[in-house]
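This short report is meant for a reader who is meeting the structure for the first time. Please keep the sequence and the 3D view at hand while reading.

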Amino acid sequence: MIEKGEIIKRRDLQLYPYIIRVLDRDDMPQVIGLQNFVINLMENKSFCVSLTPEEHYEIMDGNGESIGLFVQGKLCAVCSILFPGRREDNMARQLGFDDQELTHVAQLELSLVHPDWRGNNLQKRMAGMLARRAKKKKNYRYLFTTVSPYNYPSIKTVTSMGLNIVKLCKMYCQWDRYVVYKNLVNPVRLDKSSTIHVPGTFFEKQRELLNNGYLGFSQFKDEEGIKIMFAKKIHSYRILSQEG
């Protein structure tokens, strides 16, 4: 078990005891059931790419880790991370990482929360748990994921975790996706005085900024829609150790 406590249910605003633990093959029926239920409720199916049972098994069997939140034995939220190594679908290839760097990449693959338990910040909390475990257990240095530019809650979640938007491209079924990234060892520094706000659908302007050293670092929503906040990356130079 990773964590236990109490959580508020939206439907009745009552507290319920929960546990968070690592998932294994025996949990697969509940994982697939929750995945299908949540995705079927989505108006825009492009917001989330479901995983096949084989992909879930791959993660559970050592090429990653999945954790689940249970209330009274029922799976209510799941979050998964993949260690892709040098595979072609390693998201760091989008940034031109070399073969050695690819082996230090962890990717957040899936995050699902049953509607009854939303509002408890579970996506951020569980993704943070997985990131910390990956860094501690296996020395992973880079955290990646993708998010739809139209999915404001997920953009808010990943940017609040300190991940930066580094690329805007077509992925999966030719859907628009932000590639977001965080260096867990040496986080990127941004010059917030250079901040520019860009409407979420102004893709050409966003690509121009990304190509000129800006990164997306936060967002807000007003009467006009989603606005992405970009700032210039501060380039720093590594100081070599004089020890030894």
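## Cysteines

Cys76 is buried, since its relative accessible area is 3%, and a residue counts as buried when that value is under 20%. The model described here is a predicted one.

Cys169 is likewise buried, with a relative accessible area of 12%. Counted by the distance between cysteine sulfur atoms, the number of disulfides comes to 0. Cys76 therefore takes part in no disulfide, because its nearest cysteine sulfur, that of Cys79, is 15 Å away, whereas a disulfide requires two such atoms within 2.5 Å.

In soluble globular proteins, nonpolar side chains tend to be buried together. The largest nonpolar core of this model has 44 residues, and among these Leu69 and Leu143 touch the most other members. Helix α4, which spans residues 122-138, supplies the largest share of this core, namely 7 residues.

Which residues is Leu143 in contact with, once its neighbours within four places in sequence are left aside? The contacts of Leu143 are Ile81, Ala106, Leu108, Ala131, Met161, Leu163, Val180, Tyr181, Lys182 and Leu184.

## A nonpolar patch on the surface

On the surface, Ile8, Leu13 and Leu15 form a nonpolar patch, and together these residues have about 300 Å² of accessible area. Ile8 belongs to strand β1, which covers residues 3-8.

Methods. Residues are numbered from 1 along each chain as its sequence is written. This is a predicted model: local features need pLDDT of at least 70, side-chain atom pairs count only at pLDDT 80 or more; totals for chains, interfaces and linings use all residues. Side-chain values use heavy atoms; hydrogens and water are left out. Patches are made of residues with over 30% relative accessible area and no salt bridge: like charges are joined within 9 Å, nonpolar side chains (Val, Leu, Ile, Met, Phe, Trp, Tyr) within 5 Å. Accessible areas come from the Shrake-Rupley method with a 1.4 Å probe; for residues, only the protein chains shown count as cover. A salt bridge is a side-chain nitrogen of Lys or Arg within 4 Å of a carboxyl oxygen of Asp or Glu. Helices (H or I, at least four residues) and strands (E, at least two) are DSSP runs, numbered from the N terminus. A nonpolar core is a set of buried Ala, Val, Leu, Ile, Met, Phe, Trp, Tyr and Cys residues joined through side-chain atoms within 4.5 Å. Buried means under 20% relative accessible area, exposed over 50%, partly exposed in between (1.4 Å probe, protein chains only). Contact means heavy atoms within 4.5 Å.
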